[in-house]
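The following questions and answers examine a predicted model.

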Amino acid sequence: MTKLRAATTAQVMAVVKADGYGHGAVPCARAALEGGATWLGVCTLAEALELRAAGIEAPVLAWLIGPGQPLHQAIEADVDLSAAGVDQLAEIVTAATVVGEPARVHLKIDTGLHRNGATAQTWPALLEAAAKAEADGLIEVIGVWSHFVYADAPGHETIDQQLVAFGEALDVAESFGITPQLRHIANSAATLTRTDAHFDLVRPGIAVYGLSPIAGETFGLRPAMTAHARVLLTKQVGPDEGVSYGHTYQTRSDTTLALVPLGYADGVPRAASNVGPIAVNGKRYTIAGRVCMDQVMLDCGDDGVHPGDEAILFGPGDRGEPTATDWADAIGTINYEIVTRFGSGRVPRTFAGERHG
């Protein structure tokens with residue numbers, strides 16, 4: 001977080017959605033705030049209320065709000081809400097009327113991602129409704145925001161195009177008398193590479209956890225998560241023996257097989273069958289055979305691998321162990337997916353330097 005805080009003069013919103021990208025939302029939120037973040041970002045109302053229940057009082061924005069949700073709880077908990085359309089804003093206004101205090105709202109404009117957000121055609125109607133609701137004392141427009149399509153490819157033409165569209169949306173908002181306290185569009189990649197996109201607030205996500213959003217660049221970030229287990233058992237087998245379901249792997253000679261008790265129920269992608277890297281005693285091995293629900297096997301040859309030895313799936317790479325990015329490369333995905341997979345109830349977490357309160 002210190003590196004991200006130093007990269008901008010804007011306020012920093014640490015995104016802790018998806019249980020802190022698999023790292024633990026509450027501890028990560030506390031650590032981010034201690035490191036200089038002044039805002040927290042989540043997708044769902046439940047995620048926001050979890051932070052409030054833990055005693056976290058920093059501003060929180062929740063942006064994936066569906067019809068019929070108990071928005072009064074968000075207003076009562078001082079959680080900011082995003083509105084991307086007139087109907088969505090109307091639900092927020094109704095909840096504010098019930099609670100008897102204004103809702104804090106961020107209006108979202110679709111600048112090209114074509115996911116969430118008002119289009120250029122529907123933006124004026126949303127602004128008109130927001131201006132009326134604000135005049136009636138039912139909402140306070142805190143922010144106007146958007147999200148990049150392709151900021152993880154610095155120099156991609158869509159980045160400049162979206163910044164132009166965002167500027168135009170802000171001009172239209174001004175014409176409706178809406179001057180937001182915060183303008184924000186920058187994700188991790190833009191926070192690290194496009195200072196002209198920082199505006200008043202940046203919203204780093206994956207970079208908060210020490211993982212780079214841009215292939216081939218580290219920006220000096222250090223991954224926060226280490227996923228590891230202890231070898232449960234080892235056995236000696238001969239050549240041409242099939243290993244795990246379907247015998248998709250066969251031994252080539254007399255060898256030691258080692259069982260690591262983590263599987264796809266714990267977050268290990270099944271797509272890592274025969275390709276996922278795991279380090280034991282400073283040496284990397286590749287998963288032998290299919291990833292099972294609860295375990296994977298390693299072919300360790302004649303190396304001295306024994307029950308109780310530490311098996312590191314991924315970590316910061318300081319000791320030559322694989323990283324989450326190595327796993328992503330192995331199975332053709334992104335490091336975001338690797339870390340967010342971990343965190344099921346049966347995988348215990350420990351936090352270095354965790355503070356409470």
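Q: How many disulfides does a search of the whole structure find?
A: A disulfide requires a pair of cysteine sulfur atoms within 2.5 Å. The sulfur of Cys28 is 16 Å from the closest cysteine sulfur, that of Cys43, which is too far for a bond. Cys292 is likewise in no disulfide, its nearest cysteine sulfur being 16 Å away in Cys300. Over the whole structure, the number of disulfides found is 0.

Q: Is Cys292 buried or exposed?
A: A residue counts as buried when its relative accessible area is under 20%. The relative accessible area of Cys292 is 14%. Cys292 is therefore classed as buried.

Q: Which residues touch the most other members of the largest nonpolar core?
A: In soluble globular proteins, nonpolar side chains tend to be buried together. Here the largest nonpolar core holds 108 residues. Those touching the most other members are Leu51, Leu107, Trp123 and Phe314.

Q: Which helix gives the largest share of this core, and between which domains does the core lie?
A: The largest share amounts to 6 residues and comes from helix α8, residues 157-175.

Q: Which residues does a second, separate core include?
A: Apart from the largest nonpolar core of 108 residues, there is a second, separate core. This second core has 6 residues. Among them are Val243, Leu257, Ala288 and Met297.

Q: How far apart in space are Val275 and Ala288, C-alpha to C-alpha?
A: Val275 is found in the loop between β13 (255-260) and β14 (277-280), while Ala288 belongs to the second core. Beyond residues up to four places away in sequence, Val275 touches Thr286, Ile287, Ala330 and Ile331. In sequence, Val275 and Ala288 are 13 residues apart. Their C-alpha to C-alpha separation in space is 7.9 Å.

Q: What is the relative accessible area of Thr323?
A: Thr323 lies in the loop between β17 (310-314) and α10 (324-331). Leaving out residues up to four places away in sequence, Thr323 touches Phe314, Gly315, Pro316 and Gly317. Thr323 is buried, and its relative accessible area is 16%.

Note on methods. Residues are numbered from 1 along each chain as its sequence is written. This is a predicted model: local features need pLDDT of at least 70, side-chain atom pairs count only at pLDDT 80 or more; totals for chains, interfaces and linings use all residues. Side-chain values use heavy atoms; hydrogens and water are left out. A nonpolar core is a set of buried Ala, Val, Leu, Ile, Met, Phe, Trp, Tyr and Cys residues joined through side-chain atoms within 4.5 Å. Buried means under 20% relative accessible area, exposed over 50%, partly exposed in between (1.4 Å probe, protein chains only). Helices (H or I, at least four residues) and strands (E, at least two) are DSSP runs, numbered from the N terminus. Contact means heavy atoms within 4.5 Å.
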